Amino acid sequence: MSVASVEEVIDEEIAPWQRSLNDSIVQGQRFRRRMTLLTLANHPNPLFIQSVCQGLHEGFWPWADTQVGIYPTTWDIPSPTPSSKPQRAFLYSKNFGPDLFPGMYSMLIHAVPKEGGKYCLVTNHSMSEFSLNSMIAKEDIVGVTLDNVQDLGDAIHEYHHLDPNGELLIWKADVSEAYRHMLMHSLWQIKQVVSFEANIFGGHASQCIFHAFMSLVIWIAAFIYVDDSFSFARFNNLSFYVKYRKMLPTDMVTLLLLWDELGIPHEERKQVFGSPLPVIRFEVDPNLMKISLKEDSKQALVQELCSFARYKQKQSLRDSEHIAGSLNWALNICPHLCPGLSALYAKTKGKTNSKGMLWINHSIIEELQWAAYLLEHSDEIYLVKLVSWPFLPLPSNVLEVFCDASGSGMGFWYPYLNLGFQSGLPEHSPIQDIFFEALCVASAIHDAVTQLPLNRHLAMYMDSLNSVYMFNSLAGEPGFNQILMDIVEVILAFDVDFHVFHISGWRIAEAMHTSPGLHILPFQPP
């Protein structure tokens, strides 16, 4: 929605609070003006830079449609008096009186429990039928990729691939009260009467806004300074950081110096390093190349999944999205659980009423219970892969198999073994080429695990990009999910790691015809 539509509910009566707000904005922009276009001159998306920098100077608009003429002009939910800490941080303007002016909304603030028995004061932007979050469409804020330890593990593996004997440590750099330093547009601030100047954490758009800003900071770091807000470094590669008067990993010091230059605040207690080190509630050991999940955290998630996945009951959209988020977090250490989310994602897709109730169907229950069972019986340790799949040529201990399907049959073969298998199409199957390609891959995996010793690796080649994506991500439409679940059970039982590569169809035919004396046997799809 354009800002102009919000201005329709703004009039001259707001002048008293507007003057107070302007004073607060001047004080609150202590670091934002240091973000200049000069450092980002070579960024490939100048319009994105212009948008973020404009938001830093004028305030961000959170992709909101304020529903003028539909939502009330003002909306007030009484809240307790806030603590003095946010006021000291310029998160609140001066008192402008007991009544809301036109266009103002006041959301509920309350305390929520944190780990360790502490409580945190939050602003609930989802409370009530006229909540601020209900003004923000989900499709406008999707696409933010959160930090994950799998990417960190891949980076650690790449390093060990080049330096097998290097001793490493993990470091984490953290921005203080990150979301609250993103200035909101003044016409949105009147919707945040509890907190005028800051970007309240409870807003749906908070994450997207901060990530837009931080992506530019990381771009500067990646191309001018260092790589990320958490990473790894050689054990003895330390430098002295004057502000904290201590030795820190050199890349971490470089990043903190960049933050200092941009005026991004940080606290000493949140800048940590070591080996092993907790990262987003996982323990990462870069030298043993493992990522582990505590037993109590695993059991808590298993219990949460089992409590949700019960027959003949409804769950709210909010609770459904919460359980999906919990399982999605576990994918960091158990990526093979991804098929457990297929039916739940399909059920919640396109729905926006967080309080709306959804029937939990058989597919959702089956998939969540399947994920809970595998999680409960896992060893809660994700070993960083011994094969880095992007590297070619592949090591000699990787078994390669080619797969293909057509309207008349399916086949797969092993060039190294000079052995192939073929089958007709099964009856009563969906008339979709991708289904038969998926079934062919599943058949090849069932056979390949019997050709490999434990803890070995399988590389598969096919000419369908859709199938390549589905098997590498283990995310498919509900009609294909049973195949994915079956494959996961097989590769876990035989402790086999696999990856699917895309190649052109003519290369598959070439590989087959350049295998003299290829021995071909029939097979029965699983």
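**View 1. Ile-364, a buried residue of helix H12.** In this predicted model, Ile-364 has a relative accessibility of 1%, and because buried means under 20% relative accessible area, this residue counts as buried. Ile-364 has its place in helix H12, which covers residues 362–376. When its neighbours within four places in sequence are left aside, Ile-364 is in contact with Phe-308, Ala-343, Leu-344 and Lys-347. For one of these residues, Leu-344, the separation can also be given between C-alpha atoms: those of Ile-364 and Leu-344 are 5.5 Å from each other, although the two residues are 20 residues apart along the chain.

**View 2. The open sheet S6-S5-S9.** Three strands make up this open sheet, in the order S6-S5-S9, and their pairing is antiparallel. Strand S6 (230–234) and strand S9 (272–274) stand at the edges, and because each has a single partner strand, one side of each is left without a neighbour in the sheet. From one strand to the next, the twist averages 25 degrees. Strand S5, made of residues 168–172, pairs with S9 in the antiparallel sense over three bridges, and within this part of the view Ile-170 stands opposite Gly-274 in S9.

**View 3. Helix H5 across the strands.** Helix H5, which is formed by residues 149–162, lies across both S5 and S6.

View 4. Strand S7 (residues 238–241) and strand S8 (residues 246–249) pair over four bridges in the antiparallel sense.

**View 5. A nonpolar patch on the surface.** Leu-238, Phe-240, Val-242, Met-247 and Phe-273 form this patch, and together they have about 440 Å² of accessible area. One of them, Met-247, lies in strand S8, and its relative accessible area is 40%, so that Met-247 counts as partly exposed, which is the class between under 20% and over 50%.

Conventions. Residues numbered from 1 in each chain as written. Predicted model: local features only at pLDDT ≥ 70, side-chain atom pairs only at ≥ 80, totals over all residues. Heavy atoms only, no water. Pairing = 2+ DSSP bridges. Helix = DSSP H or I, 4+ residues; strand = E, 2+ residues; numbered from the N terminus. Axes fitted to C-alpha atoms, helices over the stretch in contact; angles between N-to-C directions. Contact = heavy atoms within 4.5 Å. Buried < 20%, exposed > 50% of the residue type's maximum accessible area, 1.4 Å probe, protein only. Patch = residues over 30% accessible without salt bridge, like charges linked within 9 Å, V, L, I, M, F, W, Y side chains within 5 Å. Areas by Shrake-Rupley, 256 points an atom, 1.4 Å probe, with all protein chains shown as cover. Salt bridge = Lys/Arg side-chain N within 4 Å of Asp/Glu carboxyl O.
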